[in-house]
Amino acid sequence: MPALANEADSRQLFGRETYQFSDLKALTKWTGALERYFAEKGVAEGSCEENFLTRCHLQEWIRFLHGLRGKDRWIQIEAVNRYLNAVPYLEDPINYGVPEYWATPSEHLSRQGDCEDYAIAKFLSLRELGFADKDLRVAVVQDLNLRVLHAVLVVYDGDQPYILDSQTRYVLPAFAILHYQPIYAVNEAHGWLYRPF
């Protein structure tokens with residue numbers, strides 16, 4: 001059983017208490033996406049028109065982020081949300097031929113993606129812009145309206161969580177969203193399990 005979150009990391013999400021853990025080995029889709037992301041610097045040259053990962057896709061994204069450096073934190077958050085939400089949605093079984101695949105930002109930009117791919121790309125975009133790992137979480141939630149699992153990026157401003165969601169162009173405070181029930185969340189250092197109602 002994971003240890004109860006310490007005071008510094010006990011920030012709530014959708015009113016839920018958390019249990020924090022540090023061993024992320026069991027979350028292979030997440031750790032695999034991070035490993036591939038850090039290895040992408042060796043990606044081959046190629047055209048951005050191709051539907052597989054090329055260095056062009058990575059460079060295009062880096063140029064976008066470079067244009068945001070030094071700007072206000074909220075301008076960065078809203079721009080990243082808009083930029084990545086413009087990528088067309090495509091489910092993993094069609095895109096990758098497997099039930100679930102967590103993509104890197106370059107894979108997402110070159111091949112499209114589903115909800116967790118948007119959240120991961122937003123997470124890594126904000127990390128590239130200098131946001132602290134402790135203020136970001138990729139969260140898997142139950143959408144109570146659609147009765148499906150969904151993933152979003154959570155950005156904390158102090159103790160207040162804000163949601164970057166592929167289903168809306170607006171960055172919303174978590175308290176304004178009533179139909180998500182958090183299950184678990186991750187960042188580079190920790191994971192969190194959320195107590196059910």
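Predicted model: local features only at pLDDT ≥ 70, side-chain atom pairs only at ≥ 80, totals over all residues.
1. Overall fold. The protein chain contains six helices and seven strands, and when it is read along the sequence these elements follow the pattern β-α-α-α-α-α-α-β-β-β-β-β-β. Of the 197 residues in the protein chain, 49% are buried.

2. In soluble globular proteins, nonpolar side chains tend to be buried together. Here the largest nonpolar core has 34 residues, and the members that touch the most others are Trp30, Val80, Leu126, Val138, Leu153 and Val155. Two or more residues of this core come from each of H1, helix H2 (55-66), H3, H6, E2, E3 and E4, with H6 giving the most, six residues.

3. Aromatic pairs. A pair of aromatic rings is described by the distance of the centres and the angle of the planes. The model has eight aromatic pairs. One of them joins Trp30 and Trp102, whose rings stand edge-to-face at 6.4 Å centre to centre, with 70° between the planes. This pair links distant parts of the chain, since Trp30 belongs to helix H1 and Trp102 to the loop between H4 and helix H5 (105-111), 72 residues apart. Trp30 counts as buried because its relative accessibility is 2%, below the 20% cut-off, and Trp102, at 7% relative accessibility, counts as buried as well.

4. Because Trp74 lies in helix H3 (residues 73-85) and Tyr162 in strand E4 (residues 160-164), the pair ties together parts that are 88 residues apart in sequence. Trp74 is partly exposed, with a relative accessible area of 24%. Ring pairs also link Trp30, Trp102 and Phe123 into a cluster.

5. Charges over rings. Two arginine side chains deserve a look in the viewer. The charged end of Arg11 sits over the ring of Tyr156, at 4.3 Å from the ring centre, while that of Arg137 sits over the ring of Trp192, at 3.6 Å from the ring centre.

6. Largest pocket. Rolling a probe the size of a water molecule over the atoms shows where empty space is left. The largest pocket holds about 360 Å³ of space and is lined by 25 residues, of which Glu100, Asp114, Cys115, Glu116 and Leu149 lie nearest its centre. Helix H1 (28-39), helix H4 (92-95), helix H6 (115-128), strand E2 (136-143) and strand E3 (148-157) each supply at least two residues of this lining, and the largest share, four residues, comes from E3. By class, the lining of the largest pocket is made up of 14 nonpolar, four polar and seven charged residues.

7. Backbone details. Most residues other than glycine have a negative phi, and most peptide bonds are trans. Gln112 is not a glycine, yet its phi is positive, at about 75°; Gln112 is found in the loop between H5 and H6 and counts as partly exposed at 29% relative accessibility. Arg147, likewise not a glycine, has a positive phi of about 60° and is placed in the loop between E2 and E3. With 72% relative accessibility, which is over the 50% cut-off, Arg147 therefore counts as exposed.

Note on methods: Residues numbered from 1 in each chain as written. Heavy atoms only, no water. 1 Å grid on protein atoms, 1.4 Å probe; cavity = no way out; pocket = protein on both sides within 12 Å on 5 of 7 lines; lining within 4 Å. Points joined across faces, edges and corners; volume = space filled by probe spheres on them. Nonpolar A, V, L, I, M, F, W, Y, C, P; charged D, E, K, R; others polar. Phe/Tyr/Trp six-rings, centres within 6.5 Å; stacked < 30°, edge-to-face > 60°. Buried < 20%, exposed > 50% of the residue type's maximum accessible area, 1.4 Å probe, protein only. Lys NZ or Arg CZ within 6 Å of the ring centre and 35° of its normal. Core = buried A, V, L, I, M, F, W, Y, C linked by side-chain atoms within 4.5 Å.
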